Amino acid sequence: MPRNVQFSAADIAKIWRLKAQNVKVSDIAKQMKRSRSGIYEILSKDTNSIVKKRSGGPRKTSQRQDREILLAVSTHKKSIREITRTLAFPISRSTVHRRIQSSKFHRYCRICRTLMLKLHHRKARVLWA
């Protein structure tokens with residue numbers, strides 16, 4: 001059979017019926033002309049299972065808001081904190097950072113801040129070089 005062909009309800013019932021008769025999975029696969037992994041997948045699923053919702057809380061931003069964040073990043077060279085303040089909706093800095101990192105085209109890394117050298121440090125550097 002070609003790849004990605006779904007099992008019909010009749011096929012699934014037949015698999016469960018054969019398994020109840022203690023037929024081996026390899027024999028079921030040969031009899032139905034399907035792969036063993038496909039048969040195992042059907043048998044591993046619970047018959048009463050419903051599609052589970054995603055765990056965790058709901059998304060804080062919509063796709064439109066995600067695009068707004070990415071637009072703010074691409075047009076202005078600002079820190080995440082500044083971007084968070086300029087957006088019209090309340091959102092945390094970590095959420096903004098996650099949205100930027102999950103984008104294919106934008107990568108945000110913190111700017112390395114270098115300490116300002118005091119005058120006597122600069123003079124010491126010049127003398128050393």
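**Salt bridges and nonpolar cores in a predicted model**

The structure holds 3 salt bridges, a salt bridge being a side-chain nitrogen of Lys or Arg within 4 Å of a carboxyl oxygen of Asp or Glu. This is a predicted model, in which local features need pLDDT of at least 70 and side-chain atom pairs count only at pLDDT 80 or more, while totals for chains, interfaces and linings use all residues. Residues are numbered from 1 along each chain as its sequence is written, and side-chain values use heavy atoms, with hydrogens and water left out.

**View 1. Salt bridge between Arg34 and Asp11.** The side chains of Arg34 and Asp11 meet with an N to O distance of 3.5 Å. This pair links distant parts of the chain, 23 residues apart: Asp11 belongs to helix 1 (residues 9-20), and Arg34 to the loop between helix 2 (25-32) and helix 3 (36-44). Helices are DSSP runs (H or I, at least four residues), numbered from the N terminus. Arg34 counts as buried at 15% relative accessibility, and Asp11 as partly exposed at 21%. Here buried means under 20% relative accessible area, exposed over 50%, and partly exposed in between (1.4 Å probe, protein chains only).

**View 2. Network of salt bridges linking Arg59, Asp66 and Arg99.** The side chains of Arg59 and Asp66 form a salt bridge at 2.5 Å, N to O. Asp66 also forms a salt bridge with Arg99, with the closest N and O atoms 3.1 Å apart. Because Asp66 lies in helix 4 (residues 63-75) and Arg99 in helix 6 (residues 93-102), this second pair ties together parts that are 33 residues apart in sequence. Asp66 is buried at 14% relative accessibility, as is Arg99 with a relative accessible area of 13%; Arg59 is partly exposed at 48%.

**View 3. The largest nonpolar core, with 10 residues.** A nonpolar core is a set of buried Ala, Val, Leu, Ile, Met, Phe, Trp, Tyr and Cys residues joined through side-chain atoms within 4.5 Å. The members are Ile69, Ala72, Val73, Ile80, Ile83, Leu87, Phe89, Ile91, Val96 and Ile100. At least two residues come from each of helix 4, helix 5 (80-86) and helix 6, and helix 4 gives the most, with 3 residues.

View 4. Leaving aside neighbours within four places in sequence, Val96 is in contact (heavy atoms within 4.5 Å) with Ile69, Ile80, Ile83, Thr84, Leu87 and Ile91. A second, separate core has 9 residues, among them Leu18, Val25, Ile39 and Ile42.
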